[in-house]
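Welcome, and please load the model in your viewer. We will go from stop to stop, selecting a few residues each time and looking at what is there.

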Amino acid sequence: MIRLDRYLCEMGEGTRSEIKEMLRKGRISVDGLTEKNPARKVEENSAQVSVDGRRIRYAKNVYFLLNKPAGLLSASRDGKGQTVIDWMRDREPENALLKRELFPTGRLDKDTEGLLLVTDDGALAHRLLSPSRHVEKTYYVELDGKLTEEACRRLCEGVQIGEGEKTGPARIREAEAVEGCAEDSKAAYFLTITEGKYHQVKRMMQTQGRNVTYLRRVAMGPLVLDERLSPGQFRPLTKNELSALGIGGRGKTVSG
Ligand code: URA
């Protein structure tokens with residue numbers, strides 16, 4: 001059971017004082033009856049809470065898909081630069097869902113763009129990031145030169161990227177270069193890996209004498225980068241995306 005004002009606040013309906021005002025005006029109902037008391041206790045998963053007749057379901061966790069732009073750090077907090085969480089909060093300062101203890105699921109380098117799942121669901125993050133789960137991540141990679149067939153074969157079989165660090169099986173295919181990503185690009189590929197070692201894609205390409213000129217993550221597990229999101233934009237995961245991740249159900253999540 002939680003207080004009604006907290007319930008609504010956590011669901012992004014306003015600040016405590018805004019909610020108090022909405023209650024005073026009779027805009028909020030619980031189980032069909034107008035409620036004016038902010039301290040009223042409600043059962044998160046069964047109470048029928050509505051604002052202006054619109055049902056507000058309680059959500060335990062929140063999930064956002066961000067198209068990370070270059071220049072942001074994949075962290076919750078960082079004294080040295082702007083993080084993806086700072087960025088999202090700055091874009092939507094009124095969104096109470098963004099005030100939760102959010103973190104990015106996995107790291108992308110500062111200069112890498114693309115799909116980043118931002119959530120407060122630690123169990124899901126663990127499932128997606130645990131090395132034993134071999135969750136696939138696909139990157140669109142631009143290089144300063146073409147890879148030979150032999151280099152592609154080596155990358156797919158696994159390469160030594162550091163002391164005792166051999167990469168697992170990967171898939172690679174040539175891609176059409178996307179206009180405007182990087183001027184010095186000479187070739188483009190889609191690379192799918194199942195690990196998340198530090199600078200992994202860049203280090204893999206270096207073993208074949210190539211430098212990454214542009215990098216964008218386009219998929220992670222069942223999630224695919226939404227092309228309608230330009231770099232810096234984000235949205236809640238859809239119901240389909242949530243169920244593809246094995247989450248969802250009444251009272252458990254916030255989705256778009
Ligand atoms: N591999 C890299 O080298 N950088 C990233 O940001 C992600 C994967």
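Start by selecting Arg 171 and Glu 136, which form a salt bridge with their closest N and O atoms 2.8 Å apart. (A salt bridge here is a side-chain nitrogen of Lys or Arg within 4 Å of a carboxyl oxygen of Asp or Glu.) The pair links distant parts of the chain, 35 residues apart: Arg 171 sits in strand E13 (residues 171-174), and Glu 136 in the loop between helix H4 (122-129) and strand E10 (137-143). Helices (H or I, at least four residues) and strands (E, at least two) are DSSP runs, numbered from the N terminus. Arg 171 is partly exposed at 45% relative accessible area, and Glu 136 is partly exposed too, at 35%. Buried means under 20% relative accessible area, exposed over 50%, and partly exposed in between, with a 1.4 Å probe and protein chains only.

A word on what you have open: this is a predicted model, in which local features need pLDDT of at least 70 and side-chain atom pairs count only at pLDDT 80 or more, while totals for chains, interfaces and linings use all residues. Residues are numbered from 1 along each chain as its sequence is written, and side-chain values use heavy atoms, leaving out hydrogens and water.

How many salt bridges does a search of the whole structure find? The search finds 22. For another of them, select Glu 150 and Arg 153, whose side chains meet at 2.4 Å, N to O. Both belong to helix H5 (residues 149-157), and because they are three residues apart there, about one helical turn separates them. An α-helix has 3.6 residues a turn, so residues three or four places apart point the same way. Glu 150 is partly exposed at 35%, and Arg 153 is partly exposed at 38%.

Next, select Arg 235 and Glu 241: buried or exposed? Arg 235 is buried, with a relative accessible area of 18%, and Glu 241 is buried at 14%. These two form a salt bridge as well, with the closest N and O atoms 2.9 Å apart.

Now move to the ligand. Show the residues around it, including Leu 108, Asp 109, Tyr 139, His 199, Gln 200 and Leu 215; a residue belongs to this set if one of its heavy atoms lies within 4 Å of the ligand. Look at the side chain of Asp 109, where an N or O atom is 2.7 Å from a nitrogen atom of the ligand. Taken alone the ligand exposes 240 Å², and the protein buries 96% of that. Those areas come from the Shrake-Rupley method with a 1.4 Å probe.

Which helix gives the largest share of the shell around the ligand? Helix H6 (residues 200-207) does, with three residues. Colour H6 by accessibility: six of its eight residues are buried, among them Gln 200, Val 201 and Lys 202. Finish just after H6, at Gly 209, which takes a positive phi of about 75°.

How values were computed. Polar contact = N/O pair within 3.5 Å; in protein donor to acceptor, adjacent residues only side chain to side chain.
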